[in-house]
Amino acid sequence: MASSNGTSSGSGSGCGSGSTGCEDQTSKLHHVMVDERKQKRMLSNRESARRSRMRKQKHLDGLTAQVVELKKENHQILSSLNITTQNYLNVESENSILRAQMSELSHRLDSLNEIIHYLNANNNMNMEISSDYQHQDFVHCENHPWSSSSVYLNQPIMASADVMFDNY
């Protein structure tokens, strides 16, 4: 009969030098030990795989929570950006209006200064300076449409920003 180790033996059931009984028991014992090792290794591998799955799941849960937090933060940043953009547009619009008002008022001021210059030039030709007011810039215009009123000459019109924008 052939044994598990490849040697043939005769009959007999004892553990002699030529007997297979001892070899069969050793072989069976060896198979049992190998099976036990395989079982332990399988259990160890299963436990290791279970721990690995748990680690992966924990990592996945952490990443999922991080994604939720980042989406929330992203939403807050976008909201803040939208508010800031709206504020910027409002300020830019207001600045545009103020620039237009400043330009308009500058043109008005230039026009008024031109009128004063024109009046000064005309008054130098056609005015009578009162003897009481010789040392002042105050004159009485006789041939002028505003002859009933007195005009301060040589005084440019000055305006400050708070006066310029009171009406707006």
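**Figure 1. A salt bridge joins the side chains of Arg-50 and Glu-47, with an N to O distance of 2.4 Å.** Here a salt bridge denotes a side-chain nitrogen of Lys or Arg within 4 Å of a carboxyl oxygen of Asp or Glu. The model is predicted: local features require pLDDT of at least 70, side-chain atom pairs count only at pLDDT 80 or more, and totals for chains, interfaces and linings use all residues. Residues are numbered from 1 along each chain as its sequence is written, and side-chain values use heavy atoms, with hydrogens and water left out. Arg-50 and Glu-47 are 3 residues apart in helix 1 (residues 21-126), so about one helical turn separates them. Helices (H or I, at least four residues) and strands (E, at least two) are DSSP runs, numbered from the N terminus. Arg-50 is partly exposed, at a relative accessible area of 36%, and Glu-47 is likewise partly exposed, at 29%. Buried means under 20% relative accessible area, exposed over 50%, and partly exposed in between (1.4 Å probe, protein chains only).

**Figure 2. Glu-47 also forms a salt bridge with the side chain of Arg-51, at 3.8 Å from N to O.** Both residues belong to helix 1, where a spacing of 4 residues places Glu-47 and Arg-51 about one turn apart. Arg-51 has a relative accessible area of 41% and is partly exposed. Side chains of opposite charge can pair when their charged atoms come close.

**Figure 3. Arg-108 and Glu-104 are linked through their side chains by a salt bridge of 3.2 Å, N to O.** This pair lies in helix 1 as well, with Arg-108 and Glu-104 separated by 4 residues, about one turn of the helix. Arg-108 is partly exposed, with a relative accessible area of 44%; Glu-104 is partly exposed at 37%. Elsewhere, shared partners join the salt bridges of Glu-47, Arg-50 and Arg-51 into one network. The count of salt bridges comes to 3.

**Figure 4. The protein contains 2 helices and 2 strands.** From the N terminus on, the order of these elements is α-β-β-α. Of the 168 residues in the protein, 11% are buried. The protein exposes about 14,100 Å², of which carbon and sulfur atoms supply 55%; accessible areas come from the Shrake-Rupley method with a 1.4 Å probe, and for residues only the protein chains shown count as cover. Among contacts (heavy atoms within 4.5 Å) with a separation of 6 or more, 36% are between residues 24 or more positions apart.

**Figure 5. Confidence in the protein is highest in helix 1, at a mean pLDDT of 92, and lowest in strand 1 (residues 138-140), at 49.** The pLDDT is the predictor's confidence in each residue, from 0 to 100. For the protein its mean is 77, and 61% of the residues reach 70 or more. Residues 1-13 stay under 50 in pLDDT, and the model has 12 contacts beyond four places in sequence for them. The pLDDT is also below 50 over residues 129-136, a stretch with 2 contacts in the model beyond near neighbours in sequence.
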